[in-house]
Amino acid sequence: MTSIKKLSQIIIWEYYKSIIVDMKNQKLDYLLRSALNSTQEKKCPYCGSTDVEKIDSKYIFTSLLNCKKCSFNHRHPKDDEQWLQKFYQKEYNIETHMTLMPSANEIEKLKEDNFPKLRLYDKYIQALFKSKPNVKMIDYGCSWGYNVFKLIKSGFNAVGFELSVPRAEFGIKNLAVPIIFDIEKLPAANDLILSSHVIEHLSDISGFVALSKKLLTTDGVFMAFCPNGTDAYRKREPHIWHINWGLVHPNYLTIEFAQFVFKNNPYLILTGDWDFNAEEISNWDGKSQVVGALKEGMELLIIAKPNIGIK
């Protein structure tokens, strides 16, 4: 019976896939994949618990589940690794400099102006490392390397990591910055692993944290910016909160989940509206577990030292 059901799913999927290719419609693709995978086990992709609760839904077949054990908000059904690899290699596009690769004339102007519309991370890094020279770091999920370019220009010893080979090769060629797309070749003994709006896309957050621990020095810092899935932000902006998870954001991290992930390590967890108080970061002692007073900011900033334990 199971094999007949599986065969039927394959036949239906192949039929609709031909329509999807013709229409080139990611949303239709998403809807059909969700429908075909709607019987997938409801299981937390971080801790493996099946004690989950639906807290939001979209498009009939997709739900946002909250894990009662680790507080991880995650989309159901999940995409498999093979589909994600294909999607982020070629199809992922959010119509901004973050994914769209500019023309030769455009890129020269952007380089000259130091990508003025994109965030500078300098003040946050300097707040963490004070006067430490030559901070060695990886920009994890760097797209075509615009932030690597800015970081190097600011004096940091930065390299990028990017899953999408075409974007990585574009950055290497046009920005002359170091971008690695083979995870096995990432350098060790880093002071900082920085990821900006990457962690909400990942299929394996625990693997990312484990990799960060491996690539950081003992006192090294994990720093991740992402949308804030905490309930306080939902109450403030319910419509935007609802929009923020889905096709490209299968994960919706919360303050409570960040606390769970780094429960044995020093951390500083903040929320803000695309800006954070550098003084608050500078005042963190790097040994304590601190959560900022503001919970309802639209963006979540997780700073932790994963190779140091709490005494």
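Because the model is predicted, local features were required to have pLDDT of at least 70 and side-chain atom pairs were counted only at pLDDT 80 or more, whereas totals for chains, interfaces and linings use all residues. Residues are numbered from 1 along each chain as its sequence is written, and side-chain values use heavy atoms, with hydrogens and water left out.

The secondary structure of the protein comprises twelve helices and twelve strands, where helices (H or I, at least four residues) and strands (E, at least two) are DSSP runs numbered from the N terminus. Of the 311 residues in the protein, 47% are buried; here buried denotes under 20% relative accessible area, exposed over 50%, and partly exposed the range in between, computed with a 1.4 Å probe on protein chains only. Among the contacts (heavy atoms within 4.5 Å) in the protein with a separation of 6 or more, 68% are between residues 24 or more positions apart.

An open sheet is formed by four strands in the order β1-β2-β3-β9, with antiparallel pairing, two strands being taken as paired if DSSP finds at least two bridges between them. Six bridges connect β1 and β2 in the antiparallel sense, with E53 standing opposite N66 in β2. Strand β2 (residues 62-67) is in turn joined to β3 by four bridges, again antiparallel; within this pairing N73 of β3 is the bridge partner of N66, and S63 stands opposite H76 in β3. Two bridges then link β3 (residues 73-76) to β9, also antiparallel, with H74 opposite N251 and N73 opposite Y252.

In a regular strand the side chains alternate between the two faces of the sheet. For β2, both faces are covered, since T62, L64 and N66 on one side and S63, L65 and C67 on the other are all buried; six of the six residues of β2 are buried, so this strand is largely enclosed by the rest of the structure. Strand β3 is likewise covered on both faces, with N73 and R75 buried on one side and H74 and H76 buried on the other.

Several backbone angles call for separate mention. Most residues other than glycine have a negative phi, and most peptide bonds are trans. In the hairpin of β1 and β2, which has three residues between the strands, Y59 adopts a positive phi near 50 degrees. The hairpin of β2 and β3 has five residues between its strands, and S71 in the turn has a positive phi of about 70 degrees; at 22% relative accessibility, S71 counts as partly exposed. A positive phi of about 55 degrees is also found at N134, which is not a glycine and which is placed in the loop between α5 and β4 (136-140). The peptide bond joining H76 and P77 is cis, with omega of about -5 degrees, and P77 belongs to the loop between β3 and α3 (81-91).

A nonpolar core was defined as a set of buried Ala, Val, Leu, Ile, Met, Phe, Trp, Tyr and Cys residues joined through side-chain atoms within 4.5 Å. The largest such core has 37 residues, and those with the most contacts inside it are I125, M223, I281 and I303. At least two residues of this core are supplied by each of several elements, including α4 (104-113), α7 (165-175), β8 (216-227) and β12 (299-304), while the largest share, five residues, comes from α5. Leaving aside its neighbours within four places in sequence, I281 is in contact with Y124, A127, L128, L268, L270, L301 and I303.
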